[in-house]
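Opening my notebook on this one. I wanted to look up the cross-links and the charged pairs.

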Amino acid sequence: MDSSVFKLSPFLSVSVIVLLLFIQIPSSLSNNDLFGDCSNQFVCGRIKADFPFWGSARPSACGIPELELKCENNITKMSINEVRYRVLDIKQDTKTLRIAREDFLVGLCPPLYVNSTFDPTMFESVTHDYMNFTFLYGCLPVFFKVPPPFTCRINGVDYDSGFVVPGANGPGFCYSSVFFPAPVIALTSILDVPALKRFLKKGFEVRWKVDGTACRECLISEGVCGYDTTFNQTTCYCRNQSTGSSTCAPPGSPPTAAPFSGRSTASTKGYIRPETCKLYKATEFVDQDTN
């Protein structure tokens, strides 16, 4: 067979190249598009949020990468360090989130044994009324002085006894462990599984550590707050302006350029390894729903 039938003529080659130049993936959103999109609130059920959050009608340029919200069946959810949480409340004025672990809302036997850990450059404790508790799974009852308050069957594990102990602990003589924050008063319910489940469903509060100064200045200049992932800092989207800036300029004036200052909110680099993080002690923040 003459292979020349599979060769493009010079004229056809030029035509294909010209066609490809016109058929291309849409470019990124313009500043004017972002002004409109970031003016939208995230709305899901009774939860409403704007900067520094993004998700749904708010594209990623509207918020900090780690603060993505998702709406599933009218329920707001987010993921933090590989753990999925249900968002129970967002208070923008105090920068606080109330969240509850998704897996513990359906029982004490999670499909994945992952600790609740938080990047301390992004989140901090709201009060000193929380502490860590640890669920221990696949334990030998002989090592405990009390009967197991719950059981969980684990594939390949001979023992199904489960216990709850105060503090953030490793599995020890058990198969696995998961620590999580809960109110200090939950100590009185450490052997009362129904009461413990109620504490888990109520969730716990954390505060996001984002400097709101740049966003306030942007709003005063009638702009909309967003996030510049190139410089890792807050930016300001303005109507009929080609690029982001620190504030919007009055009509006829040039925009104020956003100075580079590194990430002015929370760094996406240098995360502390989740397994080494601890969120709460009984009285301090550490590095790193209801029947």
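**Disulfides**

I started with Cys-139 and Cys-174, and both are buried (buried is under 20% relative accessible area, exposed over 50%, partly exposed in between, with a 1.4 Å probe and protein chains only). This is a predicted model, where local features need pLDDT of at least 70, side-chain atom pairs count only at pLDDT 80 or more, and totals for chains, interfaces and linings use all residues. Residues are numbered from 1 along each chain as its sequence is written, and side-chain values use heavy atoms, with hydrogens and water left out.

Cys-139 and Cys-174 form a disulfide with their sulfur atoms 2.0 Å apart (the cut-off is a pair of cysteine sulfur atoms within 2.5 Å). The S-S torsion of Cys-139 and Cys-174 is about 110°, so I noted this disulfide as right-handed. Cys-139 sits in strand 8 (residues 130–139) and Cys-174 in the loop between strand 10 (161–166) and strand 11 (176–183), so the pair ties together parts 35 residues apart in sequence. Helices (H or I, at least four residues) and strands (E, at least two) are DSSP runs, numbered from the N terminus.

How many disulfides does the structure hold? I got 7.

Next I looked at Cys-218 and Cys-236, joined by a disulfide at 2.1 Å, S to S. Cys-218 lies in helix 4 (residues 213–220) and Cys-236 in strand 14 (residues 233–237), so this pair ties together parts 18 residues apart in sequence. The torsion about the S-S bond of Cys-218 and Cys-236 is about 80°, so that disulfide is right-handed too. Cys-218 is buried at 0% relative accessibility, and Cys-236 is buried at 0% as well.

I also checked Cys-238 and Cys-248, where the S to S distance is 1.9 Å. Their link has -95° about the S-S bond and is left-handed. Cys-238 and Cys-248 are both buried.

**Salt bridges**

My search of the whole structure gave 8 salt bridges (a side-chain nitrogen of Lys or Arg within 4 Å of a carboxyl oxygen of Asp or Glu). Glu-72 and Arg-84 meet in one, 3.1 Å from N to O. Glu-72 is in strand 3 (residues 70–72) and Arg-84 in strand 5 (residues 83–91), 12 residues apart. Glu-72 is partly exposed at 28%, and Arg-84 is partly exposed at 34%. I found a network of salt bridges linking Glu-72, Lys-77, Arg-84, Arg-86 and Glu-102.

Buried or exposed: which are Asp-103 and Arg-101? Both are buried, and their side chains form a salt bridge at 2.7 Å, N to O.
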